Structures are given as C-alpha cells and as structure tokens.
Amino acid sequence: QHWKLPAGYLCPPVPQRVDYLHIMADLLRDTLKQTPAGTENAEVAEIPRGLCGLDIGTGASCIYSLLGAQEYAWRFIASDIDPAALRHAAQLLKENGLEQQITLRRQEDPKRVLRGVMPKKASQCVAFAVCNPPFHESLEQAQQ
C-alpha cells in the first residue's frame, strides 16, 4: 500500500519479485503438501500460510518481506548490513501495519549471512530464505 524509496537506493522490479515469491510458494506447497481438510488429494494442496521466511539483504525497499506478508500472510526476518536501509524499511513496515509480521535485524558482520540474524529459539524456525542478487557497480567493487 505505502511504498517509496529514499534517494540513492535501487528500485526493485516488483513483477519479478512477486514471481520469485510465487515460485517459492509453489515449492513450499509441493514440499509440505498441505491439503485442505477432508481431502487426500495432493493436487489441490494449499500454499502454506503463516510460515516464517528469511529475507537476506532486504534493503531499503524490504520488497520480498512486504510482498510475502501481503500475498501469503508469511512472517519474515529481514536482515541487512546497512542501518539507513533498515531505518527506511522500519518506516515502510510502520506505514503498512506490518511491524508484528516482519522483524528487522541488522547483520553486524558483512562477512556473515546467518550468524546473529537467525532466531535462537527453536520455536521460531525459518521455513525458507530469499535474497536479492548482490549489486555492484564494477567487478573491482564486487571483489573488495
């Protein structure tokens, strides 16, 4: 509903991000085989709702988390190394009423992906992970 980006941050192509989430939903449905009550027919398996996903490198747009929360009622842990991006993402969550569904976590160590971001409680498991590809202006920057 409410969505805008601060200057200097990339605008993700939303249709591609939605397609990525639809593919993830299909994989989860086929893997978890949640069928409607009273039926054994796996062909009518439902897309799992309420699962928790990890959005690695969520950025200022928090796009995967926002779309997944709205489309599938999924919860997310959205991580990033950029504090300014997380501040903006927090504002987007507030404007869209999704603070309870999406948890933002700063990855303090850019050489780590999961340590310090993953939940410590066994009751808070992550069913899947999504991420944007890294964006670099040059090969030299990517190798730094």
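A polar contact is taken here as a pair of N or O atoms within 3.5 Å, where within protein one atom must be able to donate a hydrogen and the other to accept it. In the predicted model, the side chain of Gln 107 meets this criterion with the backbone oxygen of Arg 115, which lies 2.9 Å from a polar atom of that side chain. The side chain of Gln 107 also reaches the backbone oxygen of Val 113, at 3.4 Å.

Gln 107 is located in the loop that runs between strand 3 (residues 102–106) and strand 4 (residues 128–131). The relative accessible area of Gln 107 is 7%, and the residue is therefore classed as buried, because the class covers values under 20%. When neighbours within four places in sequence are set aside, the residues in contact with Gln 107 are Asp 80, Ile 81, Arg 112, Val 113, Leu 114, Arg 115 and Val 117. This list includes Val 113 and Arg 115, whose backbone oxygens take part in the polar contacts described above.

Val 113 is likewise placed in the loop between strand 3 and strand 4. With a relative accessibility of 44%, Val 113 counts as partly exposed. Apart from residues up to four places away in sequence, Val 113 touches Ile 56 and Gln 107. The C-alpha atoms of Val 113 and Ile 56 are 7.4 Å apart, although the two residues are separated by 57 residues along the chain.

Backbone geometry was also examined. Most residues other than glycine have a negative phi. Cys 62 has a positive phi, near 55°, and is found in the loop between strand 1 (residues 52–56) and helix 2 (residues 63–72). A positive phi, near 60°, is also found for Ala 73, which lies in the loop between helix 2 and strand 2 (residues 75–80). Cys 62 is buried, its relative accessible area being 0%, whereas Ala 73 is partly exposed at 35%.

As for the accessibility of individual cysteines, Cys 52 has a relative accessibility of 3% and so counts as buried. Cys 62, with the positive phi noted above, is buried as well, at 0%.

Terms used. Residues numbered from 1 in each chain as written. Predicted model: local features only at pLDDT ≥ 70, side-chain atom pairs only at ≥ 80, totals over all residues. Heavy atoms only, no water. Buried < 20%, exposed > 50% of the residue type's maximum accessible area, 1.4 Å probe, protein only. Helix = DSSP H or I, 4+ residues; strand = E, 2+ residues; numbered from the N terminus. Contact = heavy atoms within 4.5 Å.
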